[in-house]
Amino acid sequence: MCLLFTLLLFLLYGTVPASGETRSFERCCCEQEQILQGPATWNAIGQTATRPTTGQQDRPPAKDVSILIDTTWRTLTVLFDGQPHRQYPVAVGKFETPTPLGDFRVVRKAMHWGTGFGSRWLGLDVPWGLYGIHGTNKPWAIGSYASHGCIRMHNRDVEELYPWVPVGAQVIIIGNPFTYREPPFRDLRRDFCGSDVMEVQRTLARLGLFKGRIDGTWRWDMEESVYRFRAMHNLSRDNVIDKPAYRALGF
């Protein structure tokens, strides 16, 4: 905890205790332990750590602004004309409620959208649910798998990002659709939805078996495709993507 307190003092005030103050500093550190573990500390560290350094000041947005989110490393990168401009730490969905993976667009923007969503909201056109990029009232969770699928940012970071990103901006979210969830490689059936369903739809479409919308939702048209695929690979007649079907699909 002393190391954390030292880091906090340095980040906030640009100074650390002199060597002659070590004993009193250690005592202070112990007395402040409960405070240091609170939300205010992590919020302060998060706000300071992402401030642009000298020579990295903001510049006017480029013609093309897009976002790349990596669910493995829990980072959000803003790209100006295809080049990285700024990267932020984020929290993404828990394995039980993973963040959708794919190529999406910003379809709505709002300020102070609701309790728990921080100060800014960027809604995405995920076809099977309501997901977005937003601030948080739990800054200590940034950098972890913590949400119900949305992408959480420090409020200061999302406020910086907000004016750069227009409605219609591309948001690409990457990760493994089959292992970034609990359970991994779950059995898929009728009415299931998610990034794993979308990837199966893409593969069936490449094989010429699926002609419907690739939207991550299993409907009747996907049902027929699965029956045909299983018959082609001598699998039991069933409306399920299970382990044998995953292997046959090449996953």
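Me: What counts as a salt bridge here?
Reply: A side-chain nitrogen of Lys or Arg within 4 Å of a carboxyl oxygen of Asp or Glu. This is a predicted model, where local features need pLDDT of at least 70, side-chain atom pairs count only at pLDDT 80 or more, and totals for chains, interfaces and linings use all residues. Residues are numbered from 1 along each chain as its sequence is written, and side-chain values use heavy atoms, with hydrogens and water left out.

Me: How many salt bridges by that rule?
Reply: Nine.

Me: Which residues are linked in a network?
Reply: Arg181, Arg186 and Asp196. Arg186 and Asp196 meet at 2.7 Å, N to O.

Me: What does the Arg186 and Asp196 pair tie together?
Reply: Arg186 is in the loop between strand 10 (170–174) and helix 6 (195–206), and Asp196 is in helix 6, so the pair joins parts 10 residues apart in sequence. Helices (H or I, at least four residues) and strands (E, at least two) are DSSP runs, numbered from the N terminus.

Me: Is Asp196 buried or exposed?
Reply: Buried, at 0% relative accessibility. Arg186 is buried too, at 17%. The cut-offs: buried is under 20% relative accessible area, exposed is over 50%, partly exposed is in between (1.4 Å probe, protein chains only).

Me: And what is the N to O distance for Asp191 and Arg190?
Reply: The closest N and O atoms are 4.0 Å apart. Asp191 is exposed at 61%; Arg190 is partly exposed at 38%.

Me: How does strand 7 run against strand 9, parallel or antiparallel?
Reply: Parallel, with two bridges joining strand 7 (residues 131–134) to strand 9. His134 stands opposite Arg152 there. Strand 6 (residues 120–124) runs antiparallel to strand 7, with four bridges. Trp121 stands opposite His134.

Me: Last one. Which residues make the nonpolar surface patch?
Reply: Leu68, Ile172 and Ile174, about 190 Å². Patches take residues with over 30% relative accessible area and no salt bridge; like charges are joined within 9 Å, nonpolar side chains (Val, Leu, Ile, Met, Phe, Trp, Tyr) within 5 Å. Areas are Shrake-Rupley with a 1.4 Å probe; for residues, only the protein chains shown count as cover. Leu68 sits in strand 1 (residues 65–70) and is partly exposed at 32%.

Methods
Pairing = 2+ DSSP bridges.
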